[in-house]
Amino acid sequence: LEEISNSSQNLTVLRDKKIHAFEIYRNQALELSKKRRKAAIELDKAVANELPFLKLDKSEFYTVIENLEQKNWGPSGLDHIHFEVSTNPGIEPGPLEKVSSAGELARFLLSLKVVLRKISAIPTLIFDEVDSGIGGATAFAVGERLAMIANDVQVLVITHSPQVASFASSHLQVIKKETAGKVSTNIYLLADKERREEIARMLAGAKVTDEARAAADSLINGKFPNSAIPNYN
C-alpha cells in the first residue's frame, strides 16, 4: 500500500538513479575510448614493425575506432573497433577480413599475436598456411615468430615449409591413405630422427639426399637465419 501511495515519488527516485548511473557509465566509457585511441596508435606502430619480416613491407595496418550511436552503447563501451589494411601502395585501406588474401590474413594475424603475445587470454592458436607465398629467410622469420608466441601459448601450425616446421617442438605428420576404395587420414607423432627425415623430404621432394638431411639438421639447429634455404630438387 505504501509503494502504491508513493508511486510518483518512487518513480522520481528511480529516474534520478537512472540519470546518475548513465552519467557514471558515459564518463567511464569516454575514458575507455580515450585509452583505446592511445593504445591503437601504439598497436599500429608495433604491428608495422613486424610486417617487413613477414613479407608485408608494402602493407599498412590501421586500428579504426568509431563512436556508435547512443542506442548501440553497451557493456563494451561506446566504440566500434575494427582493423583495416592496405596491401599495396596507393590502394585505399579496407576491412582486414575482406581486403586480405588467406595467406595475408594469416600473416597479419601472426603479427598481431606477436605484438600481443604477453597479454593474450587465448590458450591455443591455430595457423593454417601462414607461410603461403613466402620462402627462404622470410619463412624462417615466420617460424621464428611462431616460436616466440609458443613461449606463451600453445601454437598449432599447418605448414608445407621446412623453415617453419623446423621451429616446432613436436612434429605431427598427416598422411592420407586409400584402402579398398576408402580414404582415411592418419596423424603420426614423429620422433627426432623421423622429424629430421620429414624436413629433409620437404626440402628435397620425393628423393631424400644426404645434402637435404644436412640442410634439415642446419634448419633444426637454427643455422639459416639470414639466407634462403638451398634448393635440392
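Biologist: Which residues does Asp-79 touch, not counting residues up to four places away in sequence?

Modeller: This is a predicted model, in which local features need pLDDT of at least 70 and side-chain atom pairs count only at pLDDT 80 or more, while totals for chains, interfaces and linings use all residues. Residues are numbered from 1 along each chain as its sequence is written, and side-chain values use heavy atoms, with hydrogens and water left out. Taking contact to mean heavy atoms within 4.5 Å, Asp-79 touches Ser-33, Arg-36, Arg-37, Ile-65, Glu-66, Asn-67 and Leu-68.

Biologist: Is Asp-79 buried or exposed?

Modeller: Asp-79 lies in strand β2, residues 79–86, where strands are DSSP runs of E with at least two residues and helices are runs of H or I with at least four, numbered from the N terminus. Buried means under 20% relative accessible area, exposed over 50% and partly exposed in between, with a 1.4 Å probe and protein chains only. Because its relative accessibility is 10%, Asp-79 counts as buried.

Biologist: Which side chain is joined to that of Asp-79 by a polar contact of 3.0 Å?

Modeller: A polar contact is a pair of N or O atoms within 3.5 Å; within protein, one must be able to donate a hydrogen and the other to accept it, and residues adjacent in sequence count only if both atoms are side-chain atoms. The partner at 3.0 Å is the side chain of Arg-36.
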